[in-house]
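Dear colleague,

Please find below the structure I am passing on to you.

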Amino acid sequence: MSVLIKTEKLTRVLPETIPVTLVKDVTLSIEEREFVAITGPSGSGKSSLLYLLGLLDRPTGGKLSIGGRDTDPMDERERAATRLSMLGFVFQFHFLLPEFTARENVEIPMRKLGRLARPAMYERAGELLASLGLAEHLDKRPDQLSGGQRQRVAVARSLANDPPLILADEPTGSLDSKSSEQVFAILENLVRERGKTVVAVTHDLDMAGRMDRRIHIVDGRIE
Amino acid sequence: MRLILDIAITHIAGRGRQTLVAVLGVAVGVGFSIAMAALMQGGQDDFVRQLVDTMPHVDITDDQRTARRQPAEDAFGAVAISGLRPRDDRRGIINPTAATAWLASWIPGRFAVSLKTQGVIRYSSREVGAAIIGIDPGHEPGVSPIVEDFVQGSFNALAAGGNNVLVGDTMAKRLGTGFGDTITVVSSEGLTRSFKIVGLFHTGTTARDEGEAYVLLKNAQILSQRPNAINEIRIKLNDPNRAPAVAHRTEAELGYKSVAWQEANESILQALIIRNIIMYTVVGAIMLVAGFGIYNIISTITHEKARDIAIMKSLGFLEADMRRMFLLEGVAIGSAGSVLGWLLGFSMVYGLSLVRFEIAATGQEMTHLPIAWSVLHYVIASAFAIGSAAVAGYLPARRAARQNPVDIIRGAT
């Protein structure tokens, strides 16, 4: 197995009047097909670390490489392109575009990438949603779906461009226990069956215990 | 970028009423601009057409722009001469036959020669000062619109020859005379002759109706005691816009002052330019106001869609994509407003063209508003509209697109 994410002394400091350190000297490596939990108390910097890994935020120090590529010299355009093809995000809130149906939401990253023809995108979006048990809800808009269903649409969207790495920020944080279980099972399945790497921030220690590895963050450092 | 367009359309379609108001704002602006432009341009065209129709396009008179060099000046080149009286020149255009032959060889249009002299028209005890204009009835209709303005008699009566005169109806009224009467004309040379009124014209220009009398060229030459003389050549061109070039050439060749209609009416044409500037300023102001409406709606959308912007950026959309999206929304509203405005403008212009009214002063001319139909008005109005819509969309878009997705995602969690 090869290393997918590698960081070296990754640091993020907010440049306020009194600088706030969100992430401090984090050195880690995550291999392909790993199911990794990032845990820690609120405000410990675990989400900030995830945003750094997901290229949503720029580190103020240290190194980060994804898929063997150093991200430091990338400009905004390259970072966006990397997010589009290499990374999938699932947030605590579904963050679907409210005007579009489930299928259209899944199509959007594919359309932005533009690698497939339109009919193939339509097909693939349908298949992805069906594989997550949403075959009957393809043409519903987010406000017509339940919380768990929306979160599953969000997972389907993160898979749209078949990225090797899925980053999840409290993916079950706003769901009831039954839906949480469902979403967790899906994420686990992504690793076991589809060969994805999933890094999930969670404060649910029970859930974290069932994952391959647990990275515990306190005050921005790995503990 | 179909995707961006799709999302942009969804955004504005999702806010029906607000979008409608913004679109209507633009439409009203565009519509009124078009109507106003049609009226202003129509008025201007009408005005210029009247100028061009009533005036000769190039007027050659026996004047000179600068005093002729005197022989003494040529003979004593280095010496300043004072108290020199100009040599008497024979008045009138010298060698008219050669001049007209030369003109006839190349002028792209028509011309007529005439002799204008001052005189007094007398009828019983009343007298009116008048310009006595001797004309050639064969050529005059080509350069003067007067032929169509007769209320009694006709222009052709002059061609029959004899001591006949055409006068304006106002002058006849002032003299207390009428069609068929015989009046006496006294020239500035002191000669007196009787003429029979064979036509009364009404041009609508008071100076003409009151102060001009047309006789045969021969009679005018007799009255002024200048056989074969002419002092004015009036030229009508097929293309009035070529007048300055023609005037330049005739002046260079003949040496007499040649005035193109543009030169004669310079101040009026300048005033028209100022009018146009005012018009475009007002159009600009209307569009600015419509632009505020668009700014408002796009700015609201960007605020409401901050989360969508963040999520789309996190998915891999670029800042430029987001900017383009909101810019498109502004332009879409501007374009929809333009098209609606075209319809509105067209119907308003059509409505205005139906308005008829009477000019009270004469009580006989039924007329309607001068309207210019021009595609250019539509193009300019919508260019203004779409331009201001683009700016109004771009400004909030730029700010919104710059947002850092992390700030919004973090804020939501």
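This is a predicted model: local features need pLDDT of at least 70, side-chain atom pairs count only at pLDDT 80 or more; totals for chains, interfaces and linings use all residues.

Residues are numbered from 1 along each chain as its sequence is written, while chains are lettered from A and ligands numbered from 1 in the order in which they are written.

Chain A contains 7 helices and 10 strands (DSSP runs numbered from the N terminus: H or I of at least four residues for helices, E of at least two for strands). Of its 223 residues, 48% are buried; a residue is buried if 20 or more other C-beta atoms, placed from the backbone, lie within 10 Å of its own, exposed if 12 or fewer, and partly exposed in between. Among the contacts in chain A with a separation of 6 or more, 71% join residues 24 or more positions apart (a contact requires C-beta atoms, placed from the backbone, within 7 Å).

Between the chains, 18 residues of chain B are in contact with 23 residues of chain A. Helix 1 (2-13), helix 13 (306-315) and helix 16 (405-412) of chain B each supply at least two residues of the chain B side.

Within chain B, helix 12 (residues 266-304) has 39 residues and spans 57 Å from first to last C-alpha, close to the 57 Å expected at 1.5 Å a residue (1.5 Å times one less than the number of residues). Its buried residues include B:Val283, B:Ile294 and B:Thr302. Helix 1, helix 2 (16-54), helix 13, helix 14 and helix 15 of chain B are among the elements covering them.

The axes of helix 14 (residues 319-354) and helix 15 (residues 375-402) of chain B come within 7 Å and cross at roughly 155° (axes are lines fitted to C-alpha atoms over the stretch in contact, with angles from 0 to 180 degrees between N-to-C directions). Helix 14 and helix 15 of chain B are therefore roughly antiparallel, the term for angles over 145 degrees.

Two residues other than glycine have positive phi: A:Arg33, near 60°, and B:Asn228, about 65°. A:Arg33 sits in the loop between strand 2 (20-31) and strand 3 (35-39) of chain A, and counts as partly exposed because it has 17 C-beta neighbours inside 10 Å. B:Asn228 lies between helix 9 (217-223) and strand 9 (232-237) of chain B, also in a loop, and is exposed, with 12 other C-beta atoms within 10 Å.

Yours sincerely

Key. Two residues are in contact if their C-beta atoms, placed from the backbone, lie within 7 Å. Angles under 35 degrees count as roughly parallel, over 145 as roughly antiparallel, 65 to 115 as roughly perpendicular and the rest as oblique.
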